[in-house]
Amino acid sequence: MKNILPGALRIFLGAAAFGALMTGSGAALAADSIKIGVIAEAQAIAGASIPQAAQLAADEINAKGGVDGRKIEIISYDNHSSSADSVRAFQRAVNEDKVNAVIASYISEVVLALEPWASRLKTPFVTPGAASNEISKSVHADYEKNKYTFHGYLTSAALALSVCDAAKDLLVEKMHMKTAVIMSEDAAWTKPLDVGYEECLPKIGLKVLDHIRFSPDTTDFTPIFNKIEGAKPDVIITGISHVGVQPTVQWKNQQVPIPMFGIASQATNETFGKDTNQAAEGVLYQGVSGPGVAVTPKSVPFAEGFRKKYGNYPSYAGYTAYDEVYYIADAVKRAGSTDADKLVDALEKTDWEGTIGRVQFYGKDDPFTHSIKYGKGLITGLMLQWQDGKQIAVWPKDVAKVDIKFPSFIKLSN
Amino acid sequence: MRAFQILIDGFAISALYALGATGFTLIFGVSGVLNLSHGAIMVAAAVAAWAAASILHVDTYFGALIGVAVAVVTAFATYFAVVKPIQDSRRIPNEEKEIFVLTGTLLWGIMIQELIAYFFTNNAKTVLPIVEGVVDILGVRTPRNEIFTAVVCCLVIALLWLLVNRTRTGKAVLAASMNPRGVTLLGLELTNIYIVVWAIYGVLAGIAGVLLGMFLGVSSYSVGPLTASAFSIVVLGGLGSVSGSLIAAFVVGYLETITAYLVSPAYRTIPALLLLVVVMYIRPQGLLGRR
């Protein structure tokens, strides 16, 4: 092999190797650290919490002496919500910054673009907030190739189940609602979500009267709300993440008399209240954790610590990103190495009580391989409501402190 | 019922489009500048009004004023830092100046957009409406803010018409749009006229931006679509023709609203863009173009 290389290239490679040695020895201490790349939508309402929460977790671990004496180092990259930027950041993180694992993005399109790169560059990769079923389905379909990807948030299928479970208790049994309209943005993550909604809503006793999918670029929601109102449903079941502020403000300004209930990613961040001038009042959204909600003993201290450091409570992806740093560190400890394959093996055996519940991953033979398990005793999700400018848990019963209440323009038909 | 709904909603959005496009076309008519930072100036106004209200806690009226003021300052910055240096440059050949202004204002718009995203994130922001609540018009529950938007837009456009046709300054502006050389020969300083036009433009874009922030909300992502929408309205109406832009704004506004109601909200902008293509084929100078 050596003989084939032309002289100049050999000199170049030699110099490069020498350079690597120099920087390596120069940073002997830093080389011992465990590096986690965080690629996220730092300017977006749901994504902003990701690098912040990861840093908070790393600081805590480091303050306690790190992992077997090794510090955790977070290297973050802003992807401007773009898949292309994310792929470049991923390549840079692995090839130049030599990260051992990557935590990335709340957008399914971005995560699906990164998944093949995790396989090519053989780097363990966890998403804190994307939901598309396809992420873990791909791991199942070609395990050897795609085993590096982990889905650290609920799949759309599980999200739909979580919303339906909450709707059954809150809307059907308590308020005797009978009909619903599904309103969701057109994106990768809502396709399986809508399939899930269509399937589970009728089962719990909510007849789906209409199903409106709209472009995530939509700015004027007047026609959408008017169309929904025309169908006279008892509730609007939402699937929104790229949009949030605008439909919520217009819902309030137009005084649409129907409550909104479902997934609204932007509503999970405390800054949503200010961004909507408190139009969020009464909005019901699914979350994996929330301010003041003791899902586990770790939830509240994390949310308060985050608020102390950054001034607001985190979005849903903040909770998951925080947990991810912890269970990656835990996996490194158990694996006794940062070797990618060993780390994947260790991550698969994760059994970590985090801020969102007990994290375990579905196995190789499960259709959603490497996605976190949904269910009682693991992760069930919550239903929260914006009340008096605060995010309050209203479901499930064991954590809910208060009842649902709506602004005066909501007219409940029962 | 649905017809009334379309009529009312379409009117508000059309009036807003009209106001946004008027300033854009005025600048082109008078000084031949196609200002591609238009959307950025509107967004800057809305975000400033939002920030004033929710960070500095000033009241809604004052917040709106701050928004308009920011738009005027940004408009002047656009003129003095980007447009004028290009127009005055001896190194750029005259025939290339238009393309330089086009590129310059486009880049300037992107800079403003990135600054807004950097300091205020790219989340959508909504300005607290000056008037809240709803009224019933012929069975259509209409937000007061929607009516307010439409009224203010019409009022401002009417004032602009008075200014241009009834005042000395306005007449000078009008004259400059017809024959800049003639105006210079009459002893009027062309630069002063441009400054007046950019000030008027700043006020128009500012009011449109703040109203948009109250009515629909804006984010730094809105910069491109807003410029594109003003640009296509103005091209449809005929470049430089204010009345053409007004008609085109209502055509586009109603076409979008009708599509959103009767076809699907997902296809909202498509028919208007198709219409633009058709007009370009049949009548390249636009509806009321001069060429």
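At what angle do helix α1 (residues 2-31) of chain B and helix α10 (residues 242-263) of chain B pack, and how far apart are their axes? The angle is about 145°, and the axes lie 7 Å apart. Here the axes are lines fitted to C-alpha atoms, for helices over the stretch in contact, with angles running from 0 to 180 degrees between N-to-C directions. Helices (H or I, at least four residues) and strands (E, at least two) are DSSP runs, numbered from the N terminus.

This is a predicted model, in which local features need pLDDT of at least 70 and side-chain atom pairs count only at pLDDT 80 or more, while totals for chains, interfaces and linings use all residues. Residues are numbered from 1 along each chain as its sequence is written, with chains lettered from A and ligands numbered from 1 in the order in which they are written.

Back to the helix pair: α1(B) passes α10(B) in a right-handed crossing. A crossing is right-handed if the near helix is turned clockwise from the far one by less than a right angle, and left-handed if anticlockwise. The contact of α1(B) with α10(B) is made up of 14 nonpolar, nine polar and two charged residues. In this count Ala, Val, Leu, Ile, Met, Phe, Trp, Tyr, Cys and Pro are nonpolar, Asp, Glu, Lys and Arg are charged, and the others, Gly among them, are polar.

Next comes the interface between the chains. Chain B puts 24 residues in contact with 25 residues of chain A, contact meaning that the C-beta atoms of two residues, placed from the backbone, lie within 7 Å. On the side of chain B that touches chain A, the elements giving two or more residues are α1, β2 (140-143) and α10 of chain B. That side holds twelve nonpolar, nine polar and three charged residues.

In helix α10 of chain B sits B:L246, which counts as buried because it has 23 C-beta neighbours inside 10 Å. A residue is buried if 20 or more other C-beta atoms lie within 10 Å of its own, exposed if 12 or fewer, and partly exposed in between, with C-beta atoms placed from the backbone. From B:L246 to B:V277 is 31 residues in sequence and 19 Å in space, C-alpha to C-alpha. As for helix α2 (residues 38-54) of chain B, 17 of its 17 residues are buried, so α2(B) is largely enclosed by the rest of the structure.

Chain A splits into domain 1 (32-154 + 297-359) and domain 2 (157-287 + 381-395), with bounds that come from an automatic or database domain assignment. The centres of domain 1 and domain 2 of chain A, taken over C-alpha atoms, are 28 Å apart. Across the boundary, 17 residues of domain 1 of chain A are in contact with 21 residues of domain 2 of chain A. Helix α5 (residues 108-120) of chain A gives the most to the domain 1 side, with three residues. By class, that domain 1 side has ten nonpolar, six polar and one charged residues.

Helix α6 (residues 133-141) of chain A has buried residues A:N133, A:E134, A:I135, A:S136, A:S138 and A:V139. The buried residues of α6(A) pack against several elements of chain A, including α5, β4 (125-127) and α9. Helix α9 (residues 190-204) of chain A is also the place of A:T190, which is buried because it has 28 C-beta neighbours inside 10 Å. Not counting residues up to four places away in sequence, A:T190 touches A:S184, A:E185 and A:G239.

A:V295 lies in the loop between β10 (284-287) and α13 (299-310) of chain A, and its 26 C-beta neighbours inside 10 Å make it buried. Among its contacts beyond four places in sequence are A:T355, A:I356 and A:V399.

Most residues other than glycine have a negative phi, and most peptide bonds are trans. The peptide bond from A:W395 to A:P396, though, is cis, with omega near -5°, and A:P396 lies in the segment after β14 (390-395) of chain A. A:K122, in the loop between α5 and β4 of chain A, has a positive phi near 45° and counts as partly exposed, with 14 C-beta neighbours inside 10 Å. A:Q278 has a positive phi near 65°.
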